[in-house]
Structure formats: C-alpha cells, structure tokens
Amino acid sequence: MDICRLFSAHLHNVCDRILPSILLDSVILASPAWMALNATDLDLKQFFRTAIAMDLRQAGDRVATKSVLWSYTALRHFAISHNVHICEKGGLHSITLLPYISQLQAHLATLESLPTPTFSNPPTMGPATSGWSLIEKHCKMRLRKMKPESIPPWWDQWSEKIKLGYERLVTTLWNIANEYHVDGYGLVLREKLEKKWCDCGCSTDHLGEVCERTVREEEEESKRRAGKEREWDGRGNGVEGWGTPKEEDIWEVNLEFGGWEERQEPYKNVSELVQWRYFKAEKEKEKGNKAFKLGNYVEAIEKYTDAYKIEPEMPHYQLNIAAAHIKLSNWIEAEKACTLSLGQHKSGKGYYRRAQARKAMNRIPDAIADLEAALELDPENVEARVDLDKLRPPEEPIYGASSSSNAQAGSSSHVDEWGETSGSGSSGRNGGWYPFALHEADSKKLKFTSGRQMFENPETKRREYLSYPIWDRYEVQAVPAPAPTST
C-alpha cells in the first residue's frame with residue numbers, strides 16, 4: 001500500500017512532465033490526431049512498461065525505509081493506547097508487545113484481507129492538467145509561425161485532437177501501471193531492515209532506536225502528540241507536502257543510500273546504485289542470451305539466475321529462465337519461473353510461456369486461462385491465438401470474435417476501441433470512430449525506444465552503452481513507409 005500510494009504520486013508527475021513531451025513528439029513527427037489513434041501502440045506501451053519496471057526497482061530503496069518507519073509508528077501508537085512503556089532513547093522493544101500478540105495478529109489478518117491496492121491518481125493532487133496546458137501553448141506558438149496557406153489539413157481541429165490524445169495517453173499509462181503487483185517490490189531492502197539490521201541478534205530492537213528518534217522529532221515539530229492526535233499513524237512521515245497538491249515526488253529526490261553494497265564499491269546514492277546493479281545484471285543476461293542462442297540451455301539458466309540474484313525485482317529475468325526450461329522440457333520449473341515473474345508483472349509473454357508449460361503437463365483448463373490472459377494483454381499475439389483455438393472446445397466462441405448484437409442495422413452511432421460513442425466523424429484503424437476527419441499523416445508509424453546510458457565495465461575498464469529505460473531519456477522516430485512493390 002505504501003509503494004502504491006507513493007508511486008501513484010510519482011506517476012501523476014509523469015503525466016504532467018513526461019507525457020506532454022511524448023505527445024508533442026508525435027505531433028511534430030506525425031500529426032495532432034496521431035496519439036488519439038495510437039495511444040495503445042505496442043511500442044509505446046512497451047516503453048511505459050520498461051520505464052515503470054525500472055522505477056519500481058527503486059521501490060525497495062526509496063519506500064521500504066519509509067514503510068518500516070510507518071509500521072513502527074503504528075506499533076508505537078498501539079503500545080501507547082495499551083499503556084506499554086516506550087523508552088525515550090531505545091524506543092519500543094518487541095518483547096513488551098508479546099502479551100498483545102493475538103491482537104496484533106488479528107489486526108494483521110484484517111490488513112492482509114483488504115483488496116490489493118491499485119495505482120490511481122491521488123485525489124489530493126487533482127487532475128494532471130498542467131501538462132495539457134503546456135501542449136496547447138506549444139501548438140499555438142507552432143501555428144503562429146506557419147503561414148495560413150501552409151497549414152496542413154490535418155491540423156484542422158488540432159486542439160480537440162490533441163486533448164483527446166492526451167487523455168488517452170494518460171489512461172494508457174495508468175492501465176500499464178496496474179499490470180504490476182506492488183507486493184512484488186520493496187522486499188529486498190525491507191528484509192535487510194527488519195532481519196539484518198545488525199549482527200547482535202536483537203532482530204529489530206536497534207532499528208527501533210532510529211525510528212523512535214525520527215518519530216519523536218516529527219511529533220514535536222507537527223505538535224501531533226496532544227490528546228487524540230497521539231493516535232496519528234505516522235503515514236506520510238518523511239514526505240514533504242503529504243496529502244496536498246504539492247506532495248513531494250520521492251522518485252525525484254536524490255536520496256543518499258550507502259552501506260548495503262560491497263565495501264569495495266564507491267559510495268553511491270539510490271539512483272546510482274540501481275543503475276549499477278542493473279548494468280551488472282544485464283551483463284549476466286547477455287551471457288545467458290549467448291548461451292541460449294548456442295543451445296547451451298543449462299548454462300543460460302545459470303547466467304539468467306545470476307542476473308536475477310543481482311536484480312530480483314526485475315521480472316523479465318525469470319521469463320528468460322522459463323524460456324530455457326521450456327527448451328529442456330522442464331515444465332514444472334518453467335511454470336514456477338513464469339509464476340514468479342507474473343507475481344510482479346502481468347505480462348503477455350509470462351502468461352503465454354506458462355500456458356506452454358501447463359499444456360505440456362496436460363493441464364488444459366489452466367493453459368486456456370493463461371492464453372486468454374495473454375491475449376487480453378497482447379491481442380496481436382498470433383501464436384497464443386492459434387494455441388487457444390486448438391485447445392478451446394469447439395462449441396465455445398473464438399476469443400475476440402465480434403458479436404452481431406453490437407452492430408445494429410441502421411444505427412448512426414459507433415463505438416470505438418475505447419468504448420466511446422460518437423454519432424459523426426471518421427472511422428479509423430481497427431474500426432475505431434473519431435469525432436474528426438482522419439488523414440494519411442495520422443497513420444504514420446512511430447517507433448518508441450529507450451535511451452542509452454553509459455557505464456564503465458569493471459571487467460574491461462571500458463565505457464559501454466546500454467539501453468536504460470527512464471522517463472526523460474527516450475527516443476522516438478518516424479518509420480519510413482515501405483516502398484510500393486512493382487507488379
């Protein structure tokens with residue numbers, strides 16, 4: 001819940017700062033209506049996935065510490081309400097809560113029974129409107145520089161087109177974010193904080209000394225200790241502007257974070273540490289890819305596993321492991337790897353590979369369910385569609401088949417791919433319907449890719465470049481249309 005809440009504030013800022021830039025690139029390279037038609041473009045969605053996954057890697061380093069602090073604060077106020085002594089210097093000791101273990105376990109069970117939190121725009125931060133204002137301002141300046149007779153016809157109704165494109169782009173971002181399970185992130189550092197804080201065998205009591213000092217300073221500053229306010233649960237502690245439109249984006253804060261990595265490595269902050277770990281993991285994955293291509297699947301599994309050990313919160317390494325196990329017909333191991341990956345990210349590739357393993361084990365209903373999930377995320381997965389048609393009983397309808405009841409004869413309204421109805425306009429790709437005329441420029445192919453980051457390889461001492469997906473470092477290019485074939 002902590003990760004979900006704080007990351008939602010971060011995605012709100014992405015909507016305001018990054019999506020306008022992406023949309024403007026599509027306007028410049030294609031047309032004002034391009035994003036309205038292509039907000040679910042596969043390349044664009046894949047960039048969103050990789051950037052979100054890269055951000056969530058930092059959840060362990062950026063959120064776990066706050067989560068532990070907030071959990072300590074909640075326990076502390078439980079202790080206060082039950083007149084349990086709290087040492088001013090040493091904080092709350094776990095042994096003092098033993099008489100209340102049954103109550104705490106009941107409360108924990110209640111929390112665990114709550115619905116899984118989802119990413120959504122924080123109500124206190126309001127809609128992401130400043131991004132749209134920047135887009136509108138830029139387009140007006142662009143039009144002023146054009147002579148009236150030179151304005152292309154696809155700029156007609158530009159404001160309406162761009163606004164619709166921005167709204168759909170924002171919707172796509174939140175939909176992609178909710179492919180990820182927050183329970184799969186923030187576990188590595190939290191385990192270190194809770195179980196490996198020091199070597200004296202005290203478990204977390206010495207951690208309580210640090211938390212107690214922080215909580216007392218916060219309470220003294222905010223004057224929250226008087227009367228009923230003493231039951232403040234501590235959420236938001238350490239986050240400036242918590243619960244306001246000016247809430248701090250902790251993913252943009254250059255947090256100092258040292259002491260968890262090997263001593264021989266230079267001191268690094270959070271961003272530098274996660275970049276360095278990613279580089280090391282990707283180098284191991286490259287070794288695994290080479291072994292995989294040569295048919296050395298056992299070696300490939302070893303290298304992919306090494307990559308996963310370095311970066312256990314990057315789900316694609318488990319998918320690599322699953323692919324190698326499938327080649328070896330290790331169906332149980334392949335299923336386990338896919339399930340572990342899907343526990344972090346609901347990917348079409350993860351569901352499809354797990355379906356392959358389950359089909360091989362003759363678990364047909366489970367395989368069908370996975371293939372349906374894969375096609376829900378990636379309708380263009382031809383292999384999944386073919387496999388599903390083979391496994392599904394003949395009396396069941398084919399996945400994705402349109403119902404005749406959706407198209408009534410003589411109806412003047414149309415429903416586009418977003419479920420929106422319009423009585424007039426133009427039909428676009430995939431039968432979509434838009435409230436404006438479409439042009440050839442609206443159908444240009446744009447390719448979105450992650451930018452590249454320079455790293456120094458510790459083995460060769462040489463500088464190398466590696467694809468590194470972060471929000472403010474992406475590339476978008478217009479793909480030339482294929483040359484017409486002569487007959």
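Me: In this predicted model, are H15 and H16 roughly parallel or roughly antiparallel to each other?
Reply: The axes of H15 (residues 331–342) and H16 come within 9 Å. They cross at roughly 155°. Angles over 145 degrees count as roughly antiparallel. H15 and H16 are therefore roughly antiparallel.

Me: Which residues of H15 make the contact with H16?
Reply: H15 passes H16 in a left-handed crossing. On the H16 side, the contact uses Gly-350, Tyr-351, Arg-353, Arg-354, Gln-356, Ala-357, Arg-358 and Ala-360. On the H15 side, the residues are Trp-331, Ala-334, Glu-335, Cys-338, Thr-339 and Leu-342.

Me: How far apart are the end C-alpha atoms of H17?
Reply: H17 has 14 residues. At 1.5 Å a residue, H17 should span 20 Å. The computed distance agrees with that span: 20 Å.

Me: Which helices do the buried residues of H17 pack against?
Reply: The buried residues of H17 are Ala-367, Ile-368, Asp-370, Leu-371, Ala-374, Leu-375 and Leu-377. An α-helix has 3.6 residues a turn, so residues three or four places apart point the same way. The partners of the buried H17 residues are H4 (42–57), H16 and H18 (382–391).

Me: Is Leu-371 buried or exposed?
Reply: Leu-371 sits in helix H17. Its relative accessible area is 2%. The cut-off for buried is under 20%, so Leu-371 is buried.

Me: Which residues does Leu-371 touch, not counting residues up to four places away in sequence?
Reply: Take Asp-387 to begin with. Leu-371 and Asp-387 are 16 residues apart in sequence and 7.8 Å apart in space, C-alpha to C-alpha. With sequence neighbours up to four places away left out, Leu-371 touches Tyr-352, Ala-355, Ala-384, Asp-387, Leu-388 and Leu-391.

Me: Is Asn-362 buried or exposed?
Reply: Asn-362 lies in the loop between H16 (348–360) and H17 (364–377). Its phi is near 65°, a positive value in a residue other than glycine. The relative accessible area is 60%. Exposed means over 50%, so Asn-362 is exposed.

Me: What is the relative accessible area of Gln-157?
Reply: Gln-157 also has a positive phi, near 55°, and is not a glycine. Its place is the loop between H8 (130–144) and H9 (158–177). Gln-157 is partly exposed, with a relative accessible area of 33%.

Me: Which residues does Lys-283 touch, not counting residues up to four places away in sequence?
Reply: Lys-283 is in H12 (residues 270–293). Asn-457 is 174 residues from Lys-283 in sequence, yet 9.2 Å from it in space, C-alpha to C-alpha. Leaving out residues up to four places away, Lys-283 touches Asn-457 and Glu-464.

Me: Of the residues of the protein, what percentage count as buried?
Reply: The protein has 18 helices and 8 strands. Its residues number 487. The buried part is 45%.

How values were computed:
Residues numbered from 1 in each chain as written. Predicted model: local features only at pLDDT ≥ 70, side-chain atom pairs only at ≥ 80, totals over all residues. Heavy atoms only, no water. Helix = DSSP H or I, 4+ residues; strand = E, 2+ residues; numbered from the N terminus. Buried < 20%, exposed > 50% of the residue type's maximum accessible area, 1.4 Å probe, protein only. Expected span 1.5 Å × (residues − 1). Contact = heavy atoms within 4.5 Å. Axes fitted to C-alpha atoms, helices over the stretch in contact; angles between N-to-C directions. Parallel < 35°, antiparallel > 145°, perpendicular 65-115°, else oblique. Left-handed = near helix turned anticlockwise from the far one by under 90°.
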